Amino acid sequence: MSDSKLTLYSYPTANGVAASILLEELGIPYEAVKMSISDADIGKVHNQVKSPWYLELNPNGKIPTISHNGFNVFETSAILLYLTAEFDKENKFNFHPIQNPKEYSEVLQWVFFSHGGLGPMQGQGAHFLHASEKIPYAINRFTTEARRVYSILEDRLSKHEWIAGGKYTIADIKAFGWIRRHGLVEIDLEKEFPKLKAWHDKIDARPAVQKGVKIPA
């Protein structure tokens, strides 16, 4: 794999940093290309996610995307699974689907939980909280649901050190990207979810994580 070419097209959002954190944890060489996610840049900035060249890589026009030797992968969870399958031969951040099917399934369940629950609810909550037009029903709907999702993770972490499989995995990396932005939905992690806060701080202290959250610079 040393001569392979891997490019990450991203921006340091909750979804974007999950990919860069795992790349840093894996310690593999890659190039990071900073994309614009601003609609105001459409048609004006080359590295805008709705640019025709980027839509060839990611038809959804979002970040992140990786290109590995000409093979493109979009959607954060799909990227995490691809990277562990390709580069994590010792299964440090996941489990072997055949040798450890139950642990592998557990990781998938929690990755999908963050992908389909945590991310969308927190993302919508933050959007409506900070929108110029305040819609109380939407704010309450999504921030309440975000707290419910947080409470599920809090309960999980009151019984387990890590989210899935008994070790630090891509399930933790996927959730961490969102939990570190808890302030956007006005959640006080220390007061409301102390187990989640301890988990967050443990991950946040990892050198690869500290570097990954700043990529692309």
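**Strand pairing and salt bridges in the predicted model**

Strand E3 (residues 65-68) is covered on both of its faces, since Thr-65 and Ser-67 on one side and Ile-66 and His-68 on the other are all buried (buried denotes under 20% relative accessible area, exposed over 50%, and partly exposed in between, with a 1.4 Å probe and protein chains only). Helices (H or I, at least four residues) and strands (E, at least two) are DSSP runs, numbered from the N terminus. In a regular strand, side chains alternate between the two faces of the sheet. Residues are numbered from 1 along each chain as its sequence is written, and side-chain values use heavy atoms, with hydrogens and water left out.

Strands E1 and E3 run antiparallel and are joined by four bridges, where pairing of two strands requires that DSSP find at least two bridges between them. Within this arrangement, Tyr-9 has Thr-65 of E3 as its bridge partner. Strand E3 also pairs in the antiparallel sense with strand E4 (residues 71-74), again over four bridges, and Ser-67 has Asn-72 of E4 as its bridge partner. E3 and E4 form a hairpin with two residues between them, and Asn-69 in the turn has a positive phi of about 50 degrees.

Thr-7 belongs to strand E1 (residues 6-10) and is buried, at a relative accessible area of 5%. When residues up to four places away in sequence are not counted, Thr-7 touches Glu-31, Val-33, Thr-65, Ile-66 and Ser-67, a contact being defined by heavy atoms within 4.5 Å.

Ten salt bridges are counted under the criterion of a side-chain nitrogen of Lys or Arg within 4 Å of a carboxyl oxygen of Asp or Glu. One of them is formed by Lys-5 and Glu-31, with the closest N and O atoms 3.7 Å apart; the pair links distant parts of the chain, as Lys-5 lies in the segment before E1 and Glu-31 in strand E2 (residues 31-34), 26 residues apart. Lys-5 is exposed, with a relative accessible area of 51%, whereas Glu-31 is partly exposed at 41%. The side chains of Arg-147 and Glu-192 likewise meet in a salt bridge, at 2.8 Å from N to O. Because Arg-147 lies in helix H5 (residues 136-157) and Glu-192 in helix H7 (residues 189-192), this pair ties together parts that are 45 residues apart in sequence.

Methods:
Predicted model: local features only at pLDDT ≥ 70, side-chain atom pairs only at ≥ 80, totals over all residues.
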